[in-house]
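Here are some notes for a colleague who is opening this structure for the first time. Please keep the sequence and the model side by side while reading the points below.

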Amino acid sequence: KAKHKAFNIVGIILQIASLGLLIAGIFVTLYLMIGFALMFMLGVLLVQYYYTLTVEYNYHMSENSIVFSKKDVRLRSKTLLTLPFDKILAFERFGDAVDTGDYVFLDNPSRSDAYILVFVTKPQSRVIFAPDTYLKALICDRLGLEMEAEE
């Protein structure tokens with residue numbers, strides 16, 4: 001996360017520093033205007049890259065489904081998957097490797113609090129996510145499973 005924030009900070013610094021080249025280009029030589037344009041564009045690109053990297057995943061439960069969505073820095077939200085409870089085959093702690101057909105809705109699948117939902121598709125698919133304790137209890141209750149003890 002700190003490395004991602006550095007893209008934003010460096011991008012803003014480049015944009016501000018490019019204004020110095022703009023002023024120098026007006027009074028000294030017009031060739032500095034090319035430097036201004038390049039530095040400003042690089043700053044804008046780094047800030048935009050930061051915006052694409054920073055994503056927060058949200059999990060919502062309704063009466064008959066779980067909704068997975070993501071939200072970026074600009075607070076734009078997008079629904080990624082709506083999974084009905086009648087399609088879910090299993091809910092368990094994740095301790096496996098990520099397959100190509102898996103839906104990964106967390107920043108690091110090797111986290112200790114990662115869980116999977118196995119659901120019916122052709123072929124069978126899995127959702128890897130990190131629910132909080134309350135959502136785990138709701139899912140276990142809805143699926144009729146016994147909730148495991150917290151470590």
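This is a predicted model: local features need pLDDT of at least 70, side-chain atom pairs count only at pLDDT 80 or more; totals for chains, interfaces and linings use all residues.

1. Is D102 buried or exposed? With a relative accessible area of 14%, D102 is buried, because the cut-off for that class is under 20%. R126 likewise counts as buried, at 12% relative accessibility.

2. R126 also meets the side chain of D99 in a salt bridge, here with 3.6 Å from N to O. Since D99 sits in the loop between β4 and β5 (103–105) while R126 lies in strand β7, the pair ties together parts that are 27 residues apart in sequence. D99 counts as partly exposed, at 44% relative accessibility.

3. How many salt bridges does a search of the whole structure find? The search finds 3, and one of them is formed by E56 with K71, where the closest N and O atoms are 3.8 Å apart. This pair links distant parts of the chain, with E56 in strand β1 (residues 55–61) and K71 in strand β2, 15 residues apart. E56 is partly exposed, with a relative accessible area of 41%, and K71 is partly exposed too, with a value of 24%.

4. Turning to the nonpolar side chains, the largest nonpolar core has 24 residues, and those with the most contacts inside it are Y59, F68, L117, V127 and F129. Two or more residues of this core come from each of β2 (65–72), β3 (77–84), β4 (88–93), β6 (115–119), β7 (125–129) and α3 (133–143). Among the contributing elements, β6 gives the most, with 5 residues.

5. Which residues does Y59 touch, when residues up to four places away in sequence are not counted? The partners of Y59 are V67, F68, F105, L106, F129, A130, P131 and L135. Two of these partners, F68 and F129, are themselves named with Y59 among the residues that have the most contacts inside the largest nonpolar core.

Terms used. Residues are numbered from 1 along each chain as its sequence is written. Side-chain values use heavy atoms; hydrogens and water are left out. A nonpolar core is a set of buried Ala, Val, Leu, Ile, Met, Phe, Trp, Tyr and Cys residues joined through side-chain atoms within 4.5 Å. Buried means under 20% relative accessible area, exposed over 50%, partly exposed in between (1.4 Å probe, protein chains only). Helices (H or I, at least four residues) and strands (E, at least two) are DSSP runs, numbered from the N terminus. Contact means heavy atoms within 4.5 Å. A salt bridge is a side-chain nitrogen of Lys or Arg within 4 Å of a carboxyl oxygen of Asp or Glu.
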